[in-house]
Amino acid sequence: MAFFSALIAGLLFGAGLLLSRMCDPQRVLGFLDVAGHWNPALAFTMGGAIAVAAPAFYFVRKRHADLLGVATELPDRFKITRALIGGSALFGIGWGLSGICPGPSLLLLTGGSIQSVVFAVGIVLGFFGQEWLSGKRASA
Amino acid sequence: MTTDLWRALLGGLLIGGGAATLLLLNGKIAGISGILDNAVHGEFGPKLWRLAFLIGLVVPAALFGLGPIVFAQGLPVLAVAGLLVGAGTRLGSGCTSGHGVCGIANLSVRSLLATLVFISTAALVVFLVRHGAA
């Protein structure tokens, strides 16, 4: 059950990234380029996703359990740290340079381009580099 | 509203459906950087849920194709950008999916702030690359 529900969740998520074309770096950069020919598509995608996910989060937050009744605690919502801000800024630099974030980077691998492989290897090396520098695994 | 924006919105509804499914049926947050980080450490979770999610994520693109893709940079810059995305999302505990979609849907102040930081930083970088004097 857990395997199949996660598979369905991944299929929906991946189909959404493909349909919205958020796997296209130029589309993402078109949103980030506020001084150029601005394309608001990413805001529609993110807004639509948040609107559908929010009731599910409300349910789990109130019940402290998922739909199957399994105890589920959501991450802290209020603790602001330097790591949160600094890490998000570093991510923003990489995202702004490339127009690619982690989900789309995996979709791009299916095209088999050398660019997609280099980017994905960079991400994984970044994971291990951050772990090595901080001396511990980041919380998921 | 244009067909293109409808596609963007419908895609978003599907993404939200995926995040809601993973939360309601697996009790997990669809944060792709975190899922991928655990997976590359060989930690696939109970019933291999992380592996299942990642397989599902790429199947539609593998079946139907990506459509036209134009990379914005050459390989050296893409490599550096990948490193920054990997290290930054781990240091900041999330990416566009974990903070931008799931965190904001959970009304998390942390995630809202993280999202504002990475979107504004990325917009600044795009401005400098495309419109900077250099």
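Let's start where two chains meet: helix 3 of chain A passes helix 1 of chain B in a right-handed crossing. A crossing is called right-handed if the near helix is turned clockwise from the far one by less than a right angle, and left-handed if anticlockwise. Helices here are DSSP runs of H or I with at least four residues, strands are runs of E with at least two, and both are numbered from the N terminus. Please keep in mind that this is a predicted model, in which local features need pLDDT of at least 70 and side-chain atom pairs count only at pLDDT 80 or more, while totals for chains, interfaces and linings use all residues. Residues are numbered from 1 along each chain as its sequence is written, and chains are lettered from A and ligands numbered from 1 in the order in which they are written.

How do these two helices pack?

Now widen the view to both chains. In total, 100 residues of chain A are in contact with 99 residues of chain B, where contact puts two C-beta atoms, placed from the backbone, within 7 Å. On the side of chain B that touches chain A, helix 1 of chain B gives the most, with 22 residues. By class, that side of chain B has 64 nonpolar, 28 polar and seven charged residues. Nonpolar means Ala, Val, Leu, Ile, Met, Phe, Trp, Tyr, Cys and Pro; charged means Asp, Glu, Lys and Arg; the others, Gly among them, are polar.

What does chain A look like by itself? Chain A has six helices and zero strands, and its C-alpha atoms fill a box of roughly 45 × 40 × 30 Å along the principal axes. Of the 140 residues in chain A, 53% are buried, with 20 or more other C-beta atoms within 10 Å of their own, all placed from the backbone.

Finally, the domain assignment of chain A gives domain 1 (1-74) and domain 2 (79-140). The centres of these two domains of chain A, taken over C-alpha atoms, are 18 Å apart. Their contact takes 10 residues from domain 1 of chain A and eight residues from domain 2 of chain A.

How values were computed
Domain bounds come from an automatic or database domain assignment. A residue is buried if 20 or more other C-beta atoms lie within 10 Å of its own, exposed if 12 or fewer, and partly exposed in between; C-beta atoms are placed from the backbone.
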